[in-house]
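Colleague: I am new to this structure. Please take me through how to read its main features.

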Amino acid sequence: MKILFQGDSVTDAGRDRSDPHDMGTGYPKYASAMISDAHPDIDFEFINLGISGNRTENLVARLQSDFVEIAPDVVVLLIGVNDVWHHFSHNIDTPAKTFESNLRLILTTIKETMGAKLLMVEPFLLYGSDKVHMLEELDEKIRIERTLAQEFADVYLPLHAIFAAETVNTTYTEFSGDGVHPNAGGSCFIAERILHAIEPILSEWTEEQ
């Protein structure tokens, strides 16, 4: 089974971009290890093609080379926070309609052109950080993701909501230094949720073999 991790810096996490099998130091590193340990009977190939700073339009630009030509069985997709963050940091606006159009094209390619299983992971900002002013716009993007997930995703992981619950009784710094990029603890936390979320996909894939 070939599993492709795709997204932005949260997925990239300092990986060696000359080696697509390098998982970096973020959640793909931990998730790939956890998935392998939980399923020693499956021969996995893990690929990480997340690129720091990417927005949905960047993923659209590399759909052929970094999605279709990879031909994964499963795509773990985490994208969207930079479509919000770059509006504030770089004055690059991604209107809701553009975001929806970009994401729909990405998801259509994964499901219809590639025929891959899809685990969509919700983009997140951690409450308590200095980025709370971006939450209103992020919520708009998340609503779009959740709507499209009903149409395309095999599994949807509501990570923003999960983190919101977790940070009620603790500080965001347990998971991230800046509210966006996970530290080791945050990466392990995400990986554990991915391990649980991906189980139905692995079971279905195994039955089909």
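Predicted model: local features only at pLDDT ≥ 70, side-chain atom pairs only at ≥ 80, totals over all residues.

Colleague: How many helices and strands are in the protein chain?

Modeller: Helices (H or I, at least four residues) and strands (E, at least two) are DSSP runs, numbered from the N terminus. The protein chain has 10 helices and five strands. Its radius of gyration, taken over C-alpha atoms, is 16 Å, close to the 17 Å of the globule rule (2.2 Å times the number of residues to the power 0.38) for 209 residues, so the chain is as compact as a globular protein of that length. The C-alpha trace spans about 45 × 35 × 35 Å along its principal axes.

Colleague: What percentage of the residues count as buried?

Modeller: Buried means under 20% relative accessible area, exposed over 50%, and partly exposed in between (1.4 Å probe, protein chains only). In the protein chain, 52% of the 209 residues count as buried.

Colleague: Which residues are buried in helix α5?

Modeller: In α5, residues 81-89, the buried ones are V81, N82, D83, V84, W85 and H86. Their cover includes α3 (56-61), α6 and α7 (135-152), where contact means heavy atoms within 4.5 Å. Just after α5, N91 takes a positive phi of about 55 degrees.

Colleague: Is E112 buried or exposed?

Modeller: E112 counts as exposed, because its relative accessibility is 61%. E112 lies in helix α6, residues 96-113. Between E112 and G128 there are 39 Å in space, C-alpha to C-alpha, and they are 16 residues apart in sequence.

Colleague: Which residues line the largest cavity?

Modeller: On a 1 Å grid over the protein atoms alone, a cavity is a set of points where a 1.4 Å probe fits but cannot get out, and lining residues have an atom within 4 Å of a point. Points are joined across faces, edges and corners, and a volume is the space filled by probe spheres set on them. The count is one cavity of 30 Å³ or more. The largest cavity holds about 50 Å³ of space and is lined by D8, V10, L78, I79, G80, V81, P123, F124 and V180.

Terms used
Residues numbered from 1 in each chain as written. Heavy atoms only, no water. 1 Å grid on protein atoms, 1.4 Å probe; cavity = no way out; pocket = protein on both sides within 12 Å on 5 of 7 lines; lining within 4 Å.
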